[in-house]
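Open the model in your viewer and keep the selection tool at hand. Each stop below says what to select and what is found there.

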Amino acid sequence: PLIFAITPTYKRWTQKADLTQLCQTLSHISNLRWIVVEDSEQKTPLVTNLLSHCPVNSTHLNFRTSQSLLNIVNTTDKKPQVKKPRGIEQRNTALKWLRRQYRHGEVKGVVYFADDDNTYDLRVFDEMRPTKMVSVWPVGLAGGLKFEGPICVGDSVKQWYAYWARDRKFQIDFAGFAVNIDIILNTKALILTTSKPGYIENDFLEQLIEFYDLEPKANSCQSVLVWHTRTEKPQMFYEEQLNKMGHPSNPGIEV
Ligand code: UGA
Ligand code: MN
């Protein structure tokens, strides 16, 4: 089976560094198509160039997060800890692309959402490749815990290890599951822009399968093979100082 890795990405100081790392990780995996969806009006030269130097088979798409979504979120967000949803419409852009490309049964494959700043052990791709419906495994450093995700006994999921939103049927981060492409092609499931924060993955999975369909992977959910690392926003204080002092850096140097 072919792995379709879907990566939403947006302009931030670490974007090129994050995508370089992810390209180099994915370049070790055979039979993989990397679907990179930029959160931008236009495909940017930075991502276009990066993909042209990256040995991974890729598809480059773009979709700028709608102003309406940003507006709703900004005006209704009273609690500062409730952050705006990220990457939703970009993941949907990739799902719609897959549905335009393939009919049910036309391709053997697995769909995985691979955010640009996570850390992936190469073995997680071996684990997900034979997915029949939806496979699951724990995600390190997610949900304010050492790991978040399924607690498994043998071939079945028994419960979840999570702190937030414990009423979710599927208490798992995007990095902790993969879906057989036929399930994607058989349904019209999308990531919902109306999901409550913390419920996005759950609300997507509820459109696809039942709890008992889950397939535990990674040593019956006892190995952490992916981490929800987050790149730190770099300090640009001195960059701004030098700029103000009339010594800006060379704009021709892409970082
Ligand atoms: C966490 C989860 O791990 C994500 O799967 C989930 O989408 C996100 O929360 C959320 O819903 O808020 P986190 O590390 O907090 O992820 O978020 P980011 O890494 O900043 O963003 C997730 C993905 O969306 C990244 O690939 C990022 O490049 C992309 N993104 C982020 C956009 O495309 N546009 C944005 O405006 C922000
Ligand atoms: Mn992240």
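The tour goes from the ligand to the salt bridges, then to the disulfides and a surface patch.

This is a predicted model, in which local features need pLDDT of at least 70, side-chain atom pairs count only at pLDDT 80 or more, and totals for chains, interfaces and linings use all residues. Residues are numbered from 1 along each chain as its sequence is written, chains are lettered from A and ligands numbered from 1 in the order in which they are written, and side-chain values use heavy atoms, with hydrogens and water left out.

**Stop 1: the ligand**

Select ligand 1 and the residues around it. The shell has 19 residues, and the closest are Pro-8, Asp-39, Arg-86, Arg-91 and His-228; a residue belongs here if one of its heavy atoms lies within 4 Å of the molecule.

Now look for polar contacts (pairs of N or O atoms within 3.5 Å; within protein, one must be able to donate a hydrogen and the other to accept it, and residues adjacent in sequence count only if both atoms are side-chain atoms). A polar backbone atom of Pro-8 is 2.6 Å from an oxygen atom of ligand 1. The side chain of Asp-39 has an N or O atom 2.8 Å from a nitrogen atom of the ligand. Asp-116 places a polar side-chain atom 2.9 Å from an oxygen atom of ligand 1. Taken alone, the ligand exposes 690 Å², of which the protein buries 93%; accessible areas come from the Shrake-Rupley method with a 1.4 Å probe, and for residues only the protein chains shown count as cover.

**Stop 2: salt bridges**

Side chains of opposite charge can pair when their charged atoms come close. A salt bridge is a side-chain nitrogen of Lys or Arg within 4 Å of a carboxyl oxygen of Asp or Glu, and the count by this rule is 8.

Asp-39 is in the loop between strand 2 (32-38) and helix 2, while Arg-64 is in the loop between strand 3 and helix 3 (67-76), 25 residues apart. Helices (H or I, at least four residues) and strands (E, at least two) are DSSP runs, numbered from the N terminus.

Next, select Arg-12, Asp-116 and Asp-117, which a network of salt bridges links.

**Stop 3: disulfides**

How many disulfides does the structure hold? There are 2, each a pair of cysteine sulfur atoms within 2.5 Å.

Select Cys-23 and Cys-54, whose sulfur atoms are 2.3 Å apart. Cys-23 belongs to helix 1 (residues 15-26) and Cys-54 to the loop between helix 2 (45-53) and strand 3 (57-62).

Then select Cys-152 and Cys-221, with sulfur atoms 2.0 Å apart. The torsion about their S-S bond is about -65 degrees, so this disulfide is left-handed. Cys-152 lies in strand 8 and Cys-221 in helix 8 (residues 218-221), so the pair ties together parts that are 69 residues apart in sequence. Cys-221 is buried, with a relative accessible area of 8%; buried means under 20%, exposed over 50%, and partly exposed in between (1.4 Å probe, protein chains only).

**Stop 4: a nonpolar patch**

Finally, select Phe-147, Ile-151 and Tyr-161, which make a nonpolar surface patch of about 230 Å². Patches are made of residues with over 30% relative accessible area and no salt bridge, with like charges joined within 9 Å and nonpolar side chains (Val, Leu, Ile, Met, Phe, Trp, Tyr) within 5 Å. Phe-147 lies in strand 8 (residues 147-153).
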